[in-house]
Structure formats: C-alpha cells, structure tokens
Amino acid sequence: MIAYLGRIVHDTDAESKPGDDVSSISKSLDLQGSIETGGIAGVAGKDFGGLYSVKPLALIKPSGTEDIARVVKAASQTSHLTVAARGNGHSINGQAMSDGGLVIDMGSTEENHFRFLTINGSPYIDVSGGALWEDVLTRCVSRFGLAPRSWTDYLSLTVGGTLSNAGVSGQAFRYGPQTSNVTELEVVTGKGEIKVCSKTQNSELFFGVLGGLGQFGIITRARVKLQPAPDMVRWIRVVYSEFEEFTRDAEFLVTQKEGESFDYVEGFVFSNNDDPVNGWPSVPLDPNHEFNPAHIPRTAGSVLYCLEVAFHYRNSDHPSTVDKAIGRLLGPLGFVERLQSQVDVSYMEFLLRVKRAEEHAKANGIWDIPHPWLNLFVSKSDIAKFDRTVFKKLVKDGVGGPMLIYPVLRSKWDNRTSVALPEGEIFYLVGLLRFVPKGPSVEKSVAQNHEIVKWSIKEGLDFKLYLPHYQSKEDWKRHFGNQWTRFVERKASFDPLAILAPGQRIFKRTHQS
C-alpha cells in the first residue's frame with residue numbers, strides 16, 4: 001500500500017501509474033473497509049463552506065478503529081502523506097481536507113458503537129466518533145427516554161467532529177459545550193496508536209483532543225452523559241430594540257440557577273426592515289403570525305435583537321402550570337410588548353429545527369451555495385463595542401443567513417481542553433452564518449469577514465475565533481495565546497510528524513528522523 005501510494009504521488013507519467021484495483025490496494029493494507037481512488041474529489045475534496053477545493057489521493061472508508069490506525073501508521077512511514085478525518089463535511093474552510101493525502105470517511109464507522117451503560121447511578125451512551133448527533137438523539141430518546149445534555153444547533157454533524165471543536169448551542173450556559181459532557185474517548189493518535197483516555201487515564205490526550213481541531217488524534221468513540229428527555233418544548237422569541245436591554249436580559253437568564261431559568265437561551269440580530277431573510281419575517285415561529293412593525297419603538301435603529309428561549313415540560317404537566325412557570329420567567333424581562341412569538345413543539349422537533357430549514361433550503365437550491373461563515377467568541381467587556389461597529393454598521397442589512405449572538409459561561413468549560421476562550425466569566429458566541437450565491441459576492445463576504453477580524457485585533461477586543469481558520473503560524477500563536485506552548489507540546493507528543501488534520505494549516509508535515 002505504501003509503495004503504491006508513493007508511486008501515485010511521484011509518478012508524472014499517467015501511462016505508467018499502477019493498475020492495481022481498489023480491492024488489491026485494500027488487501028495490501030489489510031483493511032476491513034475499502035479505499036476509493038477515482039472520482040473522489042467531489043466528496044472528499046469539498047466541504048459545506050464551498051470556498052476551497054483540493055484533490056486527495058484516496059478516500060478511506062474504514063470498518064473500524066483498527067483500519068484507521070493502520071492508515072495513520074502507513075502514512076507515518078512515508079515522507080509526505082497526511083491524513084484528514086472527514087465527518088459529514090460541514091467544515092467551512094477546508095479543515096477536513098487533505099490535499100494529495102488520505103481522507104478518512106468517518107461516516108462508515110457510525111454504527112460501530114452504541115452501548116448504554118450506568119456508572120455510579122448516572123446514564124451514559126457510548127457512540128462512534130462517526131455517528132451523527134441526530135441519530136444519537138433519535139436512538140436515545142426512542143429506546144431509553146434519555147438524551148445528551150448539550151447540543152449544537154444543527155445535528156447532522158458527527159460526534160467526533162463537534163468534540164474536536166467544542167459543540168455549542170443554547171444549552172451550553174447550563175451544561176457547558178459538548179466537550180464538557182463526555183467522560184471517555186477512544187482515539188487514534190498521529191502515531192497510529194489506539195488509546196482510551198479520560199480525565200484520569202491518558203488525561204493529556206483526553207483534554208488535548210477535546211477542542212483540539214483534530215491535531216492530536218481521531219476520535220473513534222465517545223462516552224456521552226445522558227439525562228431524561230422532556231416530551232415537549234415551549235419555544236419563544238421576544239424582541240428588543242436596544243442592545244443593552246437585550247444583553248442584560250440574556251445575561252440574567254444564563255446566570256440563574258437551574259429551575260429558575262429557561263432550558264435553552266440563544267439570540268440573534270435582524271435587520272429593521274421587511275427583508276424576508278434578514279428582516280422582520282425571520283422572527284415569527286408560527287407561519288400564520290406576521291411580525292407587526294407598528295409595535296417597534298420609534299427610537300429603534302438599523303437592527304433589532306431577538307432573544308430565543310425554550311422551556312421543557314412533560315405531557316402530564318397541566319397547561320396552566322406550564323403557562324404560569326413561563327410567565328414567571330418572562331416577567332422580569334424588558335422586551336418589546338406585543339412582539340412575542342411562541343409555539344409548542346415536541347422535544348425532537350425542537351432539536352431538529354435546523355433539519356427542517358435544511359430541507360427547505362435544499363428544495364429551493366440554496367443549501368449547496370457557498371457559506372463563508374464567521375464564528376467568534378467575544379468577551380462581555382467588548383460585546384457592546386462589537387455591536388456598534390459590526391451589527392449596527394457593517395452587517396446592518398444582513399448576511400443572507402442568521403446572525404447569532406448569545407452569552408455563555410466560562411465556568412462551564414474546562415480550561416484543560418484545547419479550546420481557546422476569551423477572558424471573563426461571560427462571553428458571547430457570535431455567528432455570521434452567510435448563504436452567498438456563487439460569484440463576486442463570495443469574495444466580498446470573505447473580505448468582510450477578514451475586515452471584522454482585523455478590526456477586532458486592531459481595537460484590542462478580547463475575542464477568539466470559533467472554528468478558527470488562519471493562514472500563518474503567527475496568527476495561530478496569537479489565537480492560542482499562553483496556551484500555544486501547551487498546544488505545541490501536545491502535538492509533539494501525539495502527532496510528532498504532523499500527519500493529522502493538515503487542512504487546519506497549523507503545522508507542516510515533517511519527516512521521520
């Protein structure tokens with residue numbers, strides 16, 4: 001296999017390339033899965049972002065962890081090959097690509113692990129790193145009446161993919177990101193070693209891999225915390241004209257004790273106009289209800305703010321009990337009267353809400369257009385300044401998709417993981433989730449993203465990119481700050497040849513000494 005791969009890479013004469021078929025290649029590496037070398041660029045060479053395209057050497061469809069370990073070991077015995085683990089291809093800037101290297105299709109391992117267990121009275125589920133969160137949700141709720149505690153907004157993502165970044169949604173203020181809700185991992189390191197790790201076993205690998213951008217290992221199994229799943233959700237949106245009032249209420253909700261707040265808190269910015277994507281029509285949850293701009297205060301500016309919350313309840317709860325509890329939670333808030341929108345949906349419907357948006361976007365042909373997204377963590381101390389320049393000026397007319405903003409608590413994150421965070425207890429997730437037609441507008445959007453990042457650096461904002469993408473080592477050093485030394489040491493320990501996740505562009509592939 002190694003000789004075959006080497007010949008493909010270095011042979012410039014197409015006629016002299018080896019004629020081995022896929023089965024013989026697979027046999028030479030003794031894989032239980034398969035290897036594809038033809039027509040794979042469309043799958044393994046692209047991602048959701050639609051901004052980058054590369055040509056990998058081969059797409060590996062492993063049957064399990066041992067196959068993945070063999071592939072990484074084979075790459076380590078060459079002078080140049082790299083390996084990228086690809087989940088559902090939802091990265092934005094080519095992070096899961098390997099130009100001229102090997103791409104591992106983690107989806108082929110999704111069924112390998114699904115085991116329920118109870119440890120010290122608490123429920124957990126062991127799932128494959130290649131499993132989709134939406135499938136984990138469906139199986140856990142239908143079989144056990146249980147569900148993971150922390151989610152992402154979009155669930156057609158792999159377990160290993162989100163854990164390699166953080167995994168954040170409206171539950172993070174209470175339970176932390178998904179990286180705070182796993183207790184054990186099985187990982188294939190950059191040395192091709194299979195390691196089981198946790199807070200007490202191979203702990204440096206465990207914390208390194210969580211939020212490690214794929215740099216230290218490929219997650220093949222995760223043990224995820226579970227809790228009882230509710231039956232229903234009261235999904236509510238309320239509107240604010242003033243940023244200070246919006247942030248005050250959002251911060252109030254995320255700092256209340258469990259049982260004294262909502263179960264989910266997010267928010268978004270929208271344009272103060274009738275644009276169907278970016279404006280007033282994007283707010284109502286019930287399609288039969290229209291947003292009435294007559295209720296907007298005359299003092300409102302170019303953008304408005306929507307606080308989105310959810311309250312869990314059981315089918316057995318009396319409607320008046322639910323109404324009373326929600327009334328108590330909404331009572332202290334200072335949102336604009338008569339601009340409240342709400343619906344009652346099942347717990348599954350709520351968590352799969354973006355799936356419905358995806359189906360609608362696919363039907364309209366806009367799901368597969370480029371997505372030059374920008375995601376940041378911005379400190380509470382700088383979020384008002386960010387609002388004044390970015391939301392109120394640079395993107396006041398919208399970005400063709402959601403503009404998310406909501407607070408989370410740093411104390412719910414583990415500082416031992418590889419995720420880089422701003423200082424202070426409260427920071428905001430900001431997401432400019434652009435859907436941009438192909439053409440000049442893509443370059444314009446990318447340029448505006450760069451402008452926002454450069455402005456944030458110039459103004460000294462305390463921020464970090466989430467799902468980071470940088471081109472230079474200096475930028476990566478600045479991103480990780482005082483964690484950079486630890487990050488480099490972990491790389492030297494677990495992937496010394498820099499074989500893994502080359503698409504992140506943090507380290508260059510090195511030769512064996």
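Predicted model: local features only at pLDDT ≥ 70, side-chain atom pairs only at ≥ 80, totals over all residues.
Local features were taken at pLDDT of at least 70 and side-chain atom pairs at pLDDT 80 or more, whereas totals for chains, interfaces and linings use all residues. Residues are numbered from 1 along each chain as its sequence is written, and side-chain values use heavy atoms, with hydrogens and water left out.

A salt bridge was assigned where a side-chain nitrogen of Lys or Arg lies within 4 Å of a carboxyl oxygen of Asp or Glu. The count under this rule is 26 salt bridges. One of the pairs is E134 and K355, with an N to O distance of 3.4 Å. This pair links distant parts of the chain, 221 residues apart: E134 belongs to helix α5 (residues 133-144) and K355 to helix α12 (residues 353-363). Helices (H or I, at least four residues) and strands (E, at least two) are DSSP runs, numbered from the N terminus. Accessibility was classed as buried under 20% relative accessible area, exposed over 50%, and partly exposed in between (1.4 Å probe, protein chains only). E134 is buried, at a relative accessible area of 11%, while K355 is partly exposed, at 26%.

A salt bridge also joins R237 and E308, whose closest N and O atoms are 2.7 Å apart. R237 is located in strand β11 (residues 232-240) and E308 in strand β13 (residues 303-313), so the contact ties together parts that are 71 residues apart in sequence. Both R237 and E308 are buried.

R248 and D249 form a further salt bridge through their side chains, at 3.2 Å from N to O. In this pair R248 is partly exposed, with 45% relative accessibility, and D249 is buried, with 2%. A network of salt bridges connects R115, D126, E184, R221 and R223.

Turning to the sheet, strands were taken to pair if DSSP finds at least two bridges between them. An open sheet is formed by four strands in the order β1-β2-β4-β3, with mixed pairing. Strand β2 (residues 58-61) pairs with strand β4 (residues 102-105) in the parallel sense, over three bridges. A58 has L102 in β4 as its bridge partner.
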